[in-house]
Amino acid sequence: MPLRQRHDTIAAIATPVGEGGISVIRVSGEKAISICNSLFSGGKPLLAASSHTIHFGHFIDANGKMIDEVLASVFRAPHSYTGEDSVEISCHGGMYLANLVLATILHQGARMADPGEFTLRAFLNERMDLTQAEAVAALIQAKTEKAHGASLAQLSGILTQRIEGFRKELIHLCSLLELELDFSQEGIELTKKDDVVQQLDKLITDIRELLASYQYGRILRDGVKVVLTGKPNAGKSSLLNLLLQQNRAIVSDIPGTTRDIIEENLSINGLLVRLVDTAGIRQSEDMIEEESVRRTHEQVNSASVIVVIVDGSVEITADDKNLYQNLLQSARKNKSAVIFLLNKSDIVNPNFHFDITLFSNESQMSVSCLTGAGISEFKQKLFQVSLPDYDSLSSSVLLQNERHKVALEKTTDRLQLARQTLIDNLSGDFVAVDLRAALDYLGEIIGITTPDDILQNIFSKFCIGK
């Protein structure tokens, strides 16, 4: 069904399922205030209430039976989240009570809201653009300070301003070129080819600069996958437990204790780190251990950062060096960062000699999982290798969304085609077509030219009630 302004009234529970202090039921649409007024018994009727006012009273059913004491918050169009008349009923928490209040509202003529429909209506009523609507979902899902900050920046419209800047430049170019086409028979030239090529080059460079930030924006949103690997009994599980400050993994002096993958989340300086503890890598005739090692290699191949833990209490063998060099090759192949972490620094073997010249000094650190020595420095290094350019990017616009990335890539492709068409002295009609296509791709990002199926897909991923 095509997306358009809808005038029916919708309702949903806006708070999480479960017991709590309060539950909030959100109602929005033309009849939101009248429906809630018919179910509200208090001092001032909600129909006479001013916008942005809160009223104490009793929520009743159609027969006048009291259901709960509630607070009713009234928001009148267009000054509401959705841009429509809205009411939020705050009742006592609990699944039964919240569902009873919702069912009573639905019985009076509202319908159940679809996932994300409140935010969809805010978008359709021009209360926010599409990037800001997506930022609402990202803000709800944010797990760390950095993810929260990036989502909040997008919600404020900083990305929209950047995209609108690109569109303004492109609209100016399109206008000049299309106007020139109207006077082509008279031989009137309104623009110089070299000037247009230069402007396109600048625009392409600016868009590519924004595209380059996606690597970091994605990490802020989804976190960084850090795989702990190495020989058995090197201290991988001990390190995991120490970082998490809990006994998440079984620790034993017996090599090969960890047989399966253990994954836990950790926040370091506001960055979500997805720690993955793996089975020790070694040759084994045990079928279960062989499968564990295979899974370890799978995790290593998909890691953003590989932490190779080396046991400093034993001598390094030739097989150990081969293992570490193989891990290095995997890291380079998959473009993963690597940290070589010497563990058990408190009991280093006198004959221990660790010299892999392929690594820089910055990639080698020492810790003791027993005493905790070096752990703070390790966490700081982990943050630095995960976001090496964070200081320079933290104040700029960061691209976080795959949809935005794809649209910008299509934009640059079209701009490149237009540029080449100009250089080849082909008809200005071809240039105009490519520039218009690029303009449409930019419009998709902020919701000006976004197809309905994309909109449906975006808002279907929202929670009901938002």
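The cover over the buried residues of helix α16 includes α3 (117–124), α4 (130–141) and α14 (402–423). The model is predicted; local features need pLDDT of at least 70, side-chain atom pairs count only at pLDDT 80 or more, and totals for chains, interfaces and linings use all residues. Residues are numbered from 1 along each chain as its sequence is written, and side-chain values use heavy atoms, with hydrogens and water left out. Helix α16 itself spans residues 452–460. Its buried residues are Leu455, Ile458 and Phe459. Buried means under 20% relative accessible area, exposed over 50%, and partly exposed in between (1.4 Å probe, protein chains only). These three residues cover an arc of only 85° around the axis, so they lie on the same side of α16. The arc is taken from the directions from the helix axis to the C-beta atoms.

The protein holds 16 helices and 13 strands. Helices (H or I, at least four residues) and strands (E, at least two) are DSSP runs, numbered from the N terminus. Of the 466 residues, 48% count as buried. Contacts, defined as heavy atoms within 4.5 Å, were also sorted by sequence separation. Among those between residues at least 6 apart in sequence, 67% join residues at least 24 apart.

On the α9 side, the contact residues are Leu239, Leu242 and Leu243. They meet Ile375, Phe378 and Lys379 of α12. By class, this contact has five nonpolar, no polar and one charged residues. Here Ala, Val, Leu, Ile, Met, Phe, Trp, Tyr, Cys and Pro count as nonpolar, Asp, Glu, Lys and Arg as charged, and the others, Gly among them, as polar.

Charge pairing was examined next. Side chains of opposite charge can pair when their charged atoms come close. The structure holds 17 salt bridges, each a side-chain nitrogen of Lys or Arg within 4 Å of a carboxyl oxygen of Asp or Glu. One of them joins Arg26 and Glu88 at 3.3 Å, N to O. Arg26 lies in strand β2 (residues 22–28) and Glu88 in strand β6 (residues 86–92), so the pair ties together parts 62 residues apart in sequence. Arg26 is buried at 12% relative accessibility. Glu88 is partly exposed at 21%.

Another bridge links Asp434 to Arg414, with the closest N and O atoms 2.7 Å apart. Asp434 lies in helix α15 (residues 428–446) and Arg414 in helix α14, so this pair ties together parts 20 residues apart in sequence. Asp434 is buried at 8% relative accessibility, whereas Arg414 is partly exposed at 26%.

A further bridge sits within one helix. Arg167 and Glu164 meet at 3.5 Å, N to O. Both lie in α6 (residues 158–182), three residues apart, about one turn of the helix. Arg167 is buried at 13% relative accessibility; Glu164 is partly exposed at 33%. Salt bridges also form a network, which links Asp8, Glu84, Arg111, Glu117 and Arg121.
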